[in-house]
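The following exercises concern a predicted model. Please work through each task before reading its solution.

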Amino acid sequence: MKNLLPRLFWIAAFSLLFSSCGGVPEIPPGRTVIRYWDKWSGWEAEAMRAVVDDFNRSQDRIWVEFSSTSHINRKLMLSIGGGVPPDVAGLFGNTLAVYAENNALTPLDRMAREAGIHGEDYVPIFWDICHHLGHLWALPSSPACLGLVWNKRIFRENGLDPERPPASIRELEQINDRLVRRDAQGRLQSIGHLPSEPGWWPAIWGWWFGGDLWDGKRITLNSPGNLAAMDWIATYPRRFQSRDLLSFRDGFGNFASPQNAFFTGRVAMVLQGPWIHTFIEKYAPPGFEWGVAAFPAADPATPAPITLVETDVLVIPAGARHPREAFAFIRYVNERAAMEKLCLGQRKFSPLRKVSSDFFQKHPNPHIRTFLDLAKSPLAKHVPPLTLWAMMESDMKQAFGKVWSGAAQPQAALEEVQQHLQAEYENHQRRWSRLADTLQRQWDAP
Amino acid sequence: MGRTMSAADLRRLGTGFMFIAPWLVGFLALSLYPFLSSLYLSTCDYSVLAPAVWIGPENYTALSRDPIFWKAAGNTVLFAMVSVPLGLVLSFCLALLLNAEIPARGFFRTVFFLPSLMPLVCLAVLWLWLLNGDLGLVNACLRPGLQTLNDLFGWHLSPPNWLQDPRFALAGLVLTGIWGVGHPMVIFLAGLQEVPRHLYESADIDGASRWQKLRHITLPMLSPVIYFNGIMALIGCFQVFAVPYVMTEGGDGPERSLLFLATYLYQHAFEYWNMGYACAIGLFLFALILGLTLVASRISSRHVHYEGA
């Protein structure tokens, strides 16, 4: 009995060691191993892992080791700085500018040309996102865009046509007014639409009012379109009292939970992307009826849907040990079969122009074609390719918050962020001018 | 003076250096080198990945004109000014209570100390819910009291949206910090047990009241402990990061009311890729803490009483 506990300890320790070893696949001899980091976890990581496994089986030269990596921007920055980057990394497309201008990526122009990869293969906006300063820095992995997602049951119960989403901001607000419910004390219980739910894109509301964030030469946050959007935001605290709005918003549960305000019916219309399908499947009540359409523009005569398009991208960090092999993997992911497997697994649409005939039939998201159509719109936009995008997002979040709480007038809030960001932009341009020629020559070298 | 060292002295010196070598290597590699490196990089345009370009005092000039930096500095100082005295007074009072002869004293000491062992991220998530304007426990406790006041005086008071309202966000964070009073409380308790009994006995013979004993015996005898706890709390407040970072989901809070110097430094270093600017913020923070510590040391020489000194 005296020795039983130590023996049990050693048995448990060895069992743990061997069981964990059993999960690591053995790398076949003679392969070049490339390390691939991506930010995905959960089902999204599993979808990519399946593609990686297919690639590893498909040839006998390269072996991809896939790691699901949290805080990838910070870790990748430090690994590149430390001279030990992975061979392939998965990033958000809106971070390409900052990596490229810091000479942290390998230009892919030549390798793509040699592999026969051209812009015509892709939905145009995705090819555009992968370029910066005239060079190709990445190829897409899985894309997304935004649309108006609405709760059909709430529409029906309130005498609205559940198949007819609002066609303009004015209509959206008319519906909003019909869907507002308060309790006996006058506190908000439910609402049609709330620009702060989930509040992930406070910088881009101006797009639906004809505004833009950057004109290629200067920051344009105080442009008339952005001001009109902020004026629209300012109507909320006036109509509903900012204190009530804050209290109402505080009662919402986490996005990834059954208490999500959209799933519980407290908000009937939200700006969301194709991933919402997965969360509806997991957290919304059974039989949840929902629809997807373009988020309405202020001007009903706007000729095409306006949307934000984003894509995750695959890059080869500067200093990667096996860039050729890394590109072979990226190229494989961008073949139609692999891309469709990835996008089906991640419940997204494909960024490729050509899609298999059964892709949409097999896709679990019934509205995926609508999202793809939105991404193909001539008025689809991506965030400006600026190194100060993160700062712009943060500043616009503050401006939105000030207007939302009634602490600032729209014009004043926008002027403040305009001045700050224009000064930062000029600083950046001045600093960039010190490096630009050297780096361009380096990137242009054959 | 002027005596050359003998071989035995040199051997002893070498042995001494061997003993402190682990600390010395750690200090040189992990403190002095990063400090000097930051000092240099604060005068550079540096993003970690592109080569550092020397720009002289440009980062410091920009810092002096950066309203967001001054907002963060103001928030940090205000937080420290409220949090440090409040934490000291509370932990001291708790220590006094738990030093008294009360039933289940050990149990209560453990209960009050336990919250300070909670990891900061868990603490932040827990307090996010406690301070929720609609469903939070803090407001659930405040609501009946405010309702009574409203009924009595015809007012229209309602509990605040703690972390959504810029007027209350900092107060919410101070409340959160109160959970950490267990650590200074234990140090105060240890200090209280070191106060010689005979001083209280003499005071009793002289007919001193409880307040007089506290004022003229306990406080002077505990002054080194108060000084130590104060300095540690001050440094902790100036480095506050994890709790507001989690509570604001990596943001700044409403109207940047929860933006602190450490958060702003992090944003510039790892989100905006301005490592040179971040180094300048770091050095400002260093100078601020150093300056306040020196001021505290100067004050302590007059007010801190060391037994036997």
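**Exercise 1.** Determine how helix 9 and helix 10 of chain A pack, and which residues make the contact.

*Solution.* Step one: helix 9 spans residues 224–240 of chain A and helix 10 spans residues 242–250 of chain A; the axes lie 6 Å apart, at an angle of about 95°. Step two: angles of 65 to 115 degrees count as roughly perpendicular, so helix 9 of chain A is roughly perpendicular to helix 10 of chain A. Step three: helix 9 of chain A contributes A:Tyr236, A:Pro237 and A:Phe240 to the contact, while helix 10 of chain A contributes A:Ser242, A:Asp244 and A:Leu245. Step four: by class, these contact residues are four nonpolar, one polar and one charged.

**Exercise 2.** State whether strand 6 of chain A is buried or exposed, and describe how strand 6 is joined to strand 12 of chain A.

*Solution.* Step one: strand 6 of chain A comprises residues 139–145, and seven of the seven are buried, so the strand is largely enclosed by the rest of the structure. Step two: strand 6 of chain A runs antiparallel to strand 12 (residues 306–315) of chain A, and five bridges join them. Step three: A:Pro140 has A:Val313 of strand 12 as its bridge partner.

Notes
Residues numbered from 1 in each chain as written. Chains lettered and ligands numbered in written order. Predicted model: local features only at pLDDT ≥ 70, side-chain atom pairs only at ≥ 80, totals over all residues. Axes fitted to C-alpha atoms, helices over the stretch in contact; angles between N-to-C directions. Helix = DSSP H or I, 4+ residues; strand = E, 2+ residues; numbered from the N terminus. Parallel < 35°, antiparallel > 145°, perpendicular 65-115°, else oblique. Contact = placed C-beta atoms within 7 Å. Nonpolar A, V, L, I, M, F, W, Y, C, P; charged D, E, K, R; others polar. Buried ≥ 20, exposed ≤ 12 C-beta atoms within 10 Å, placed from the backbone. Pairing = 2+ DSSP bridges.
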